[in-house]
Amino acid sequence: MSAATFAQITLDGLLLGGVYALSALGFTMIFGVMRVVNLAHGSFVVLSALLAAWTYERYHLSPLLVLPAAFALAYALGAAIHRFLLRRLPAEVASQEATSLTLTFGLSYFLAGAGLAVFGGTFRAVPYLTGAFNVGPFAIGQARLLAFGAAALLTGALALFLRATPAGRAIRATSQHAEGAQACGIDVDAVRTSAFALGSGIAAASGCLLSLIYTLNPEMGDVFTLNAFAVVAIGGLGSYAGALAGAAILGLAGSYVAYFANAQIAEAAPYVIFILVLLVLPAGLMGKRAA
Amino acid sequence: MSARLGLAVALFVCVVALLAAAGPFLGGYWLAVVYQTLLAIGLAYGWNVISGYAGYFSFGQITFFGIGAYTTALLTSHTSLDWRLAALAGGALAVAVAAPAGAIMLRLRGPFFSLGMLGLAQTLRVVAASSGITGGGTGLYLSATVTPLAVYEWTLAVAALAFAVTAAIDRSAFGLRLCALREDEQVAGTLGVAVTAAKVRAFLISAAIPGLLGGGYAMYLTLVDPPSAFSTRLELQAIVMTVFGGIGTLWGPLVGGVVMSQISEQLWARFPQAYLMIFGGLLVAFLIIVPRGVVPALASRLGGPRRTRVNGTPAAVAAGGEP
Amino acid sequence: MSSIRRNLRRAGALVAAAAFAAGCALGAAAVRAADQKPIVIGAAVSLSGAYADGGKYTLQGYELWVKQQNAHGGLLGRKLELKTYDDQSDASVGIRLYEKLVNEDHVDLLAGPYGSALTAPTSNVAARYKMVMFCPEDAAPATFDRGNRFIFQGLPQAVHYVDGVMAMAKGHGLKTVALVGEDTPFPHAIGSAVPELAKTDGMTVVLTEYYPHNTSDFSALVQKIKAANPDVLLAASFVPDSIALLRQLKQADVAPKMVYEAIGGSDPAFGPAAGKDADGVLSSTAWSADLKTPGNAEFVKSFTAEYGRAPDYHSASSYAGLTVLADAVKRAGGIDQDKIREQLASMKIETLLGQYSVDPTGKQVGYQAYAQQWQGGRQVIVYPDAHAQGKLRFPFAGWRGR
């Protein structure tokens with residue numbers, strides 16, 4: 001095996017990591033702030049991707065143009081879900097995680113069903129930016145490069161938002177210490193709702209970009225939710241840089257294992273890695289708190 | 001044994017015997033319906049022990065179901081072993097795998113455990129799909145020599161066993177230890193509860209039951225492939241039924257199992273297109289209206305908490321003495 | 001005899017006569033009613049879950065056939081009814097639904113579900129009640145190798161799908177083959193024929209790899225294909241993976257001389273979804289809209305009018321399946337499962353797919369798989385010569401300049 005091939009596989013792995021990071025973004029936010037595993041995350045990604053595909057089929061509009069609308073719709077929907085559903089669940093910790101998990105799981109079914117009703121079961125893809133940049137002997141898929149760039153950009157923007165804006169700081173305060181934040185006058189409930197809404201919006205934005213890479217139908221939401229979870233678990237609770245690192249690891253592992261072993265084993269690789277990482281480092285690679 | 005307990009046991013035995021005797025008279029369709037309901041209930045009970053009583057919400061108990069199914073399929077294909085013995089072997093192998101798996105996975109907490117178990121299920125599915133011995137992605141074709149009635153009786157027996165074991169746990173010190181570690185594992189540990197032993201034991205029970213059920217399923221389908229053996233649908237069904245009925249309760253899985261089977265059946269027959277939406281919507285609605293499940297909600301309506309008697313002093317219980 | 005007794009006797013006789021007359025009338029009505037009772041065909045197809053797309057196409061074929069047959073007077077003078085359920089792409093649900101069709105709905109005839117993964121488990125129900133089940137959507141041989149005498153295959157066997165492309169490859173003197181496919185029964189069945197064929201045709205299989213269902217990232221696999229440098233790429237892939245694989249081949253600039261995407265490539269939706277990249281891609285199909293088989297042109301027209309899109313081979317297959325089943329019923333003279341079974345086992349009939357004919361196990365030996373190629377946005381049959389409608393464009397055009 002030549003050095004060029006190895007380099008290409010590595011490159012593919014990094015690009016794949018970018019795709020993972022992108023599909024994990026909104027999830028990271030919700031999990032980090034509220035410790036809610038949003039099993040409906042994948043549904044937001046997929047429905048948004050299908051919307052982009054459908055719009056492209058009908059009107060030949062690039063998914064990038066659909067992105068702001070998808071973001072806004074998902075933001076509103078996420079806010080409604082949190083405000084009217086999640087907030088109604090009992091607050092005791094022991095059952096809270098289980099019930100919010102199950103609630104978002106029920107939501108994922110509902111959204112998958114809604115997607116089937118609206119878009120049908122056919123697989124859709126967006127035949128846009130399907131080519132590659134050829135840099136020397138290397139091929140860099142255009143859509144994947146875009147996804148990689150977008151992931152980096154969005155993560156950076158999110159980090160900035162959380163550091164530098166009052167709203168972002170309120171979110172961080174709430175996730176670090178809810179009672180303390182409340183004592184400082186922050187409306188913890190409202191902040192949580194906006195965090196959930198933001199996470200949903202980001203998931204939708206990712207979906208629009210991912211429509212360029214994946215062929216999807218409404219029932220494929222789980223794939224993205226699991227990917228997102230693996231990324232967060234490996235990278236560490238509450239760390240966005242960790243999530244990027246986690247995504248990179250998953251992407252590289254996926255690429256190497258698929259090449260040197262086979263594709264089937266590569267499918268199990270994310271799970272094995274995440275279990276191993278968590279056993280050794282229970283807080284993930286860069287987690288700030290114990291899981 | 002108190003009179004009340006004796007009566008309850010007698011009633012239980014009667015119901016099971018009735019169901020067993022009714023088997024030959026149900027007719028093909030109703031036999032299939034009751035079998036699949038019993039399968040769902042059995043899986044729900046299996047899930048309930050580790051997730052409900054111990055509080056370790058697992059998304060991957062189907063791992064053991066799949067192990068049971070494949071083991072039974074392989075043994076019946078390659079040896080002349082009676083399928084029931086093969087299914088027992090399947091259950092035994094499931095427990096054998098659960099011991100080390102549990103020791104590892106139970107170190108994870110909360111959603112990490114949940115999704116870690118899911119990962120385990122996926123990993124095993126991939127192993128089954130890539131091994132020649134398990135037939136790879138195609139699976140194992142079995143000859144249709146076992147009647148649905150036989151599978152029904154087997155499943156009834158296992159589901160009854162699952163219920164009985166849960167009843168025993170519910171009234172025992174072991175059950176109390178699980179509840180203690182569910183509420184706050186650290187505190188329970190400092191109070192002297194042997195936390196690791198308790199949760200591993202619960203995990204093994206939660207592996208044995210699906211393991212035994214999987215064997216019957218293999219003989220029922222006559223084609224064991226990775227998606228059916230490690231069926232996400234069955235996993236999710238067990239979870240939803242238990243959560244709806246009342247997670248961590250004795251009657252929850254039964255109530256949930258029976259009610260949700262009927263709702264599912266009706267919904268699917270009438271609204272095949274909108275099924276997912278209605279199902280998901282109902283689940284969300286149930287969680288908002290009865291977040292702890294139907295059985296606890298009904299119990300509190302009908303007046304007062306149920307009291308369970310536990311033998312032994314608190315110290316003896318905490319020290320891990322037998323119930 | 002007293003007058004009371006006499007009157008009673010007369011009354012009794014009258015009552016008996018009336019009862020007899022009523023009985024006759026009812027009996028005649030019952031017989032007439034049985035004649036008027038519709039013939040019910042039952043099937044459980046996947047309308048949700050993994051096989052929903054294929055299931056939908058299957059159902060459409062069944063529905064159109066019933067509708068048209070009724071417009072032409074039904075079967076044996078009786079109307080036809082279709083009773084279907086959604087098996088949720090799950091085998092245990094399928095089994096339960098076929099039990100329901102037989103025991104609760106008392107259907108007269110059984111038609112099979114979509115795909116081999118569902119046909120194998122549900123075929124046991126047919127055998128249990130000694131009812132015939134026609135299986136128009138199972139191309140895998142394994143289902144029919146279990147001694148079930150009541151099931152009949154309505155698709156060409158999967159093991160013959162690659163015959164065409166391998167024959168063409170041999171004709172062009174190609175030497176190396178890479179085989180990839182989704183790790184599920186149908187692709188495995190297709191791929192299973194490759195090693196033998198390669199040996200007899202003097203070719204070497206340089207790569208064999210099956211990937212999991214729902215794979216979307218083929219970058220590593222594409223690198224492996226690139227390293228193996230095959231003349232022919234055989235991919236037993238469905239629509240989403242066919243598209244993804246093709247795109248990633250393009251991105252890595254890997255263009256074997258022949259590119260074959262067995263299943264996905266034959267779907268009419270593949271061309272539009274893959275755009276210009278689809279040009280030159282080969283696939284196998286059991287049926288094509290251009291085939292000159294009896295009633296095909298009308299079928300395509302009426303299907304498109306009814307459902308607003310072109311039919312694919314699953315719809316054609318389920319439609320043809322009912323054609324065969326109905327003909328067997330006619331030949332048997334009525335709904336007698338054993339007689340129908342005998343007919344299906346021995347009869348030959350021309351359908352949309354070609355000539356139906358089965359071997360003693362019920363496996364299809366009459367139909368064949370045609371090789372198609374995407375040329376300028378259209379699917380053109382290129383093999384076998386007897387049915388070809390265009391020439392094979394060889395080799396597969398490189399990626400630059402599309």
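What follows is a chat about a predicted model with several chains.

Reader: Hi! What should I know about the model before we start?
Author: This is a predicted model, in which local features need pLDDT of at least 70, side-chain atom pairs count only at pLDDT 80 or more, and totals for chains, interfaces and linings use all residues. Residues are numbered from 1 along each chain as its sequence is written, while chains are lettered from A and ligands numbered from 1 in the order in which they are written.

Reader: Great. How many helices and strands does chain A have?
Author: Chain A has 11 helices and 2 strands. Helices (H or I, at least four residues) and strands (E, at least two) are DSSP runs, numbered from the N terminus. Along the sequence the order is α-α-α-α-β-β-α-α-α-α-α-α-α.

Reader: And chain B?
Author: Chain B comes to 15 helices and 2 strands.

Reader: What radius of gyration does chain A have, and what would a compact globule have?
Author: Chain A has 19 Å, which agrees with the value near 19 Å for a compact globule of 291 residues. The radius is taken over C-alpha atoms, and the globule rule is 2.2 Å times the number of residues to the power 0.38. For chain B, with 323 residues, the rule gives a value near 20 Å, and the chain has 20 Å, again in agreement.

Reader: What about the box each one fills?
Author: Taken along the principal axes, the C-alpha atoms of chain A fill roughly 60 × 50 × 35 Å. For chain B the box is roughly 55 × 40 × 40 Å.

Reader: How much of each chain is buried?
Author: In chain A, 60% of the 291 residues count as buried, and in chain B 58% of the 323 residues do. Buried means that 20 or more other C-beta atoms lie within 10 Å of the residue's own; with 12 or fewer it is exposed, and in between it is partly exposed, the C-beta atoms being placed from the backbone.

Reader: How many residues of chain A are in contact with chain B?
Author: 35 residues of chain A are in contact with 36 residues of chain B. A contact here means C-beta atoms, placed from the backbone, within 7 Å. On the chain A side, α4 (93–119), α9 (221–235) and α11 (263–280) each supply at least two residues. The largest share, 17 residues, comes from α4(A).

Reader: What's the make-up of that side by class?
Author: The side of chain A that touches chain B has 26 nonpolar, 6 polar and 3 charged residues. Ala, Val, Leu, Ile, Met, Phe, Trp, Tyr, Cys and Pro count as nonpolar, Asp, Glu, Lys and Arg as charged, and the others, Gly among them, as polar.

Reader: Now chain C against chain B, please.
Author: That contact takes 28 residues from chain C and 27 residues from chain B. On the chain C side, β2 (80–86), α3 (91–103), α4 (116–128) and α6 (185–192) give two or more residues each. The most come from α3(C), with 8 residues. By class, this side of chain C has 13 nonpolar, 7 polar and 8 charged residues.

Reader: Staying in chain C, how many residues of strand β8 are buried?
Author: 5 of the 5 residues of β8(C), residues 232–236, are buried. Both faces are covered, with V232(C), L234(C) and A236(C) on one side and L233(C) and A235(C) on the other.

Reader: Which strands does β8(C) pair with?
Author: Strand β6(C), residues 176–182, runs parallel to β8(C) and is joined to it by 5 bridges; two strands pair if DSSP finds at least two bridges between them. V177(C) has V232(C) as its bridge partner in β8(C). Strand β9(C), residues 258–261, is also parallel to β8(C), with 4 bridges. There, L234(C) is partnered by Y260(C).

Reader: How does the chain cross from β8(C) to β9(C)?
Author: The chain goes through helix α9(C), residues 239–251, and this β-α-β crossover is right-handed. With the strands pointing away from the viewer, that means the path from the first strand over the helix to the second runs clockwise.

Reader: Back to chain B: why is helix α7 described as largely enclosed?
Author: Because 9 of the 11 residues of α7(B), residues 173–183, are buried. Among them are F174(B), L176(B) and R177(B).

Reader: Last one: where does I67(B) lie, and what does I67(B) touch?
Author: I67(B) lies in helix α3(B), residues 62–78. I67(B) counts as buried because it has 28 C-beta neighbours inside 10 Å. Not counting residues up to four places away in sequence, I67(B) touches G90(B), L93(B), A94(B), V97(B), G211(B) and G214(B).

Methods. Two residues are in contact if their C-beta atoms, placed from the backbone, lie within 7 Å.
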